[in-house]
Amino acid sequence: MCESGREEVAEIFFDDVAVPADRVVGEVGRGWSEVMYLMQFERGAFAWQRQAQLHTQVEQLVADADALPADAARVVGDAYLSLFALRSQCGTTVADLAAGRDLGPEISIDKLLLGTAEQVVTDAARQLLRPSLELDDDDRAATWRRRWSFSRITTIYGGVAEVQRDLVAERLLGLPRSR
């Protein structure tokens, strides 16, 4: 259990477990390939759903701000720009998946844009709701603090951003391995 009181991440390892043949997904010993195939659906669908939620959060952020600072237009604009980039990418991804296309490493772009959007939106909240986000005890401040804290792990869970960038560089752009 994490500091927020919620269970965020869990791993379970089973050793020497017998799995009935009709319950095996894919080929035995090819679990990583199966996971990578399934991740494109998870990342694509999740990014589409999440960008819609983040759009709503930006609207809420503007409504929650008591007095907008002078740089509010830039801050909100950056949040929307990040969200529109994510929406454009994951909308295409969802359509491609629905058409039966296997995306492979292209899905790394969605993952990178999602992590970035999560952090840009919550960083905007820190700027626009300062100092209440850090100091107040009300539900609004607590909600935005939780969102900001969660956003810090979004470039880690489901595939670390550095690894995703390497995949894009090597497999999509054809750049040489950096290691």
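This is a predicted model: local features need pLDDT of at least 70, side-chain atom pairs count only at pLDDT 80 or more; totals for chains, interfaces and linings use all residues.
Axes here are lines fitted to C-alpha atoms, for helices over the stretch in contact, with angles running from 0 to 180 degrees between N-to-C directions; helices (H or I, at least four residues) and strands (E, at least two) are DSSP runs numbered from the N terminus. On the H1 side, Gln57, Gln60, Leu61 and Asp64 make the contact (heavy atoms within 4.5 Å), and H5 contributes Arg140, Trp144 and Arg147. By class, these residues comprise 2 nonpolar, 2 polar and 3 charged, where Ala, Val, Leu, Ile, Met, Phe, Trp, Tyr, Cys and Pro count as nonpolar, Asp, Glu, Lys and Arg as charged, and the others, Gly among them, as polar.

Residues are numbered from 1 along each chain as its sequence is written, and side-chain values use heavy atoms, leaving out hydrogens and water. Local features need pLDDT of at least 70 and side-chain atom pairs count only at pLDDT 80 or more, whereas totals for chains, interfaces and linings use all residues.

Turning to the next partner, helix H1 (residues 31–64) packs on helix H2 (residues 72–98) at about 150 degrees, with axes 9 Å apart. H1 and H2 are therefore roughly antiparallel, and H1 passes H2 in a left-handed crossing. Their contact includes Phe41, Trp48 and Leu54 of H1 and Tyr80, Phe84 and Cys90 of H2. Its residues divide into 16 nonpolar, 6 polar and 2 charged.

H1 also takes part in the largest pocket, to whose lining H1 gives the most, with 7 residues. A pocket is an open set of points on a 1 Å grid over the protein atoms alone, where a 1.4 Å probe fits, with protein on both sides within 12 Å along at least five of seven lines; lining residues have an atom within 4 Å of a point. The largest pocket holds about 330 Å³ of space, and of its 17 lining residues, Met36, Gly104, Pro105, Leu167 and Arg171 lie nearest the centre. The lining has 8 nonpolar, 6 polar and 3 charged residues.

Terms used: Angles under 35 degrees count as roughly parallel, over 145 as roughly antiparallel, 65 to 115 as roughly perpendicular and the rest as oblique. A crossing is left-handed if the near helix is turned anticlockwise from the far one by less than a right angle, and right-handed if clockwise. Grid points are joined across faces, edges and corners, and a volume is the space filled by probe spheres set on the points.
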